[in-house]
Amino acid sequence: MKDESYEDTLKSVMTFVKYHLDSARNKYPDWPSDPLYGASIAAEEHGEFMKEVVTWQHHGKKDGEYNMIHECAQAAAMHIRWLVEFLR
């Protein structure tokens, strides 16, 4: 991805986030009607992303970049899901 243009990278990222969003919706089809509860789900995913970044930063885990990318995509998917469900 390092040699791609910004637009190409953005397209790849959005496709990856959509994959995680679809996976989560298939696994957990029901979303809470309470926005605070939904936000807590998104926050929990963001916390997992932060944990992977800290682990990578301080310990240089071998699979750290992979974990950071996946956790970031999952967190982004949950934030998008919150927004879509809130606006429906």
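Visitor: Which element of the protein chain has the lowest mean pLDDT, and which the highest?
Guide: Helix 2, residues 35–59, has the lowest, at 95. Helix 1, residues 6–27, has the highest, at 97. Keep in mind that this is a predicted model.

Visitor: What does the protein chain average for pLDDT?
Guide: The average is 94. Of the residues, 98% score at least 70.

Visitor: OK, packing. At what angle do helix 1 and helix 3 pack?
Guide: At about 65 degrees, with the axes 8 Å apart. Helix 3 covers residues 64–87. An angle of 65 to 115 degrees counts as roughly perpendicular, so helix 1 and helix 3 are roughly perpendicular to each other.

Visitor: Is that crossing left-handed or right-handed?
Guide: Helix 1 passes helix 3 in a right-handed crossing.

Visitor: Which residues meet there?
Guide: From helix 1, they include Phe-16, Val-17 and Leu-21. From helix 3, Ile-69, Ala-73 and Ile-80 are among them. By class, this contact has ten nonpolar, three polar and two charged residues.

Visitor: Now helix 2 and helix 3. At what angle do they pack?
Guide: About 165 degrees, and their axes are 8 Å apart. Over 145 degrees counts as roughly antiparallel, so helix 2 is roughly antiparallel to helix 3.

Visitor: Left-handed or right-handed, that crossing?
Guide: Helix 2 passes helix 3 in a left-handed crossing. Among the contact residues are Phe-49, Glu-52 and Trp-56 of helix 2, and Met-68, Glu-71 and Trp-82 of helix 3. The classes come out as 13 nonpolar, six polar and five charged residues.

Visitor: You mentioned Glu-52. Buried or exposed?
Guide: Buried. Its relative accessible area is 10%, and buried means under 20%.

Visitor: What is Glu-52 in contact with, leaving aside neighbours within four places in sequence?
Guide: Glu-52 is in contact with Lys-61, Asn-67, Met-68 and Glu-71.

Visitor: Switching to Ile-41. Where is it found?
Guide: Ile-41 is in helix 2. This residue is partly exposed, with a relative accessible area of 24%.

Visitor: What does Ile-41 touch, not counting residues up to four places away in sequence?
Guide: Trp-31, Pro-32 and Met-78.

Visitor: And what separation is there between the C-alpha atoms of Ile-41 and Phe-16?
Guide: They are separated by 19 Å. Along the chain, Ile-41 and Phe-16 are 25 residues apart.

Conventions: Residues numbered from 1 in each chain as written. Predicted model: local features only at pLDDT ≥ 70, side-chain atom pairs only at ≥ 80, totals over all residues. Heavy atoms only, no water. pLDDT = per-residue confidence, 0-100. Helix = DSSP H or I, 4+ residues; strand = E, 2+ residues; numbered from the N terminus. Axes fitted to C-alpha atoms, helices over the stretch in contact; angles between N-to-C directions. Parallel < 35°, antiparallel > 145°, perpendicular 65-115°, else oblique. Left-handed = near helix turned anticlockwise from the far one by under 90°. Contact = heavy atoms within 4.5 Å. Nonpolar A, V, L, I, M, F, W, Y, C, P; charged D, E, K, R; others polar. Buried < 20%, exposed > 50% of the residue type's maximum accessible area, 1.4 Å probe, protein only.
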